[in-house]
Amino acid sequence: MQCAANRKTKFFRKPNSSDFIIRKPVFDKLLFFQDLKYQPREDQVKVHTDKSDIRVLACGARWGKTKVAAMEALAASMSAKHRSWGWVVAPSYTLAEKVFREILFQARHKLHDFILDASDSKMKLQLRNIHG
């Protein structure tokens, strides 16, 4: 695993003239996934690249909904925002816990340099994002 200082440029791309804010680097979710060695299938990439505020998945068992949700949460938490909060919401506590456990697993194994606080019992994960 590369050190945190070198990782910053890994999944950020330089802004180009088509970007709205030119002075900031742009977080590239697919480069971030590549850095984490997460290879979504073609149908999962469609979910990850969709720009909609709300995305609803109606998929069968073992499609990878939990993994997709966990990786989306990690990508959102690592993007360059000054401060943000996120919640895992599901129809039942068991389902929410399942998604949180996947987020925590991925963070502990692949983003350990960015973890500020992690608690299994409180279901809490605090990350230092790219903004600092």
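**Close-up views of a predicted model**

View 1. Trp-85 counts as exposed because its relative accessibility is 66%, and the cut-off for exposed is over 50%. The structure seen here is a predicted model, not an experimental one.

**View 2. The hairpin of strands E3 and E4.** Strand E3, which covers residues 115-119, pairs with strand E4, which covers residues 124-127, and the two run in the antiparallel sense over 4 bridges. Within this pairing, Ser-119 stands opposite Lys-124 in E4. The two strands form a hairpin with 4 residues between them, and in the turn Met-123 has a positive phi of about 50°.

**View 3. The whole chain, as a setting for the close-ups.** The chain has 5 helices and 4 strands, and its elements, read from the N terminus on, follow the order α-β-β-α-α-α-α-β-β. Among the 132 residues of the chain, 29% count as buried, while the accessible surface of the chain comes to about 9,300 Å², with 55% of that surface belonging to carbon and sulfur atoms. When contacts in the chain with a separation of 6 or more are considered, 50% of them are accounted for by residues 24 or more positions apart.

Conventions
Residues numbered from 1 in each chain as written. Predicted model: local features only at pLDDT ≥ 70, side-chain atom pairs only at ≥ 80, totals over all residues. Heavy atoms only, no water. Buried < 20%, exposed > 50% of the residue type's maximum accessible area, 1.4 Å probe, protein only. Pairing = 2+ DSSP bridges. Contact = heavy atoms within 4.5 Å. Areas by Shrake-Rupley, 256 points an atom, 1.4 Å probe, with all protein chains shown as cover.
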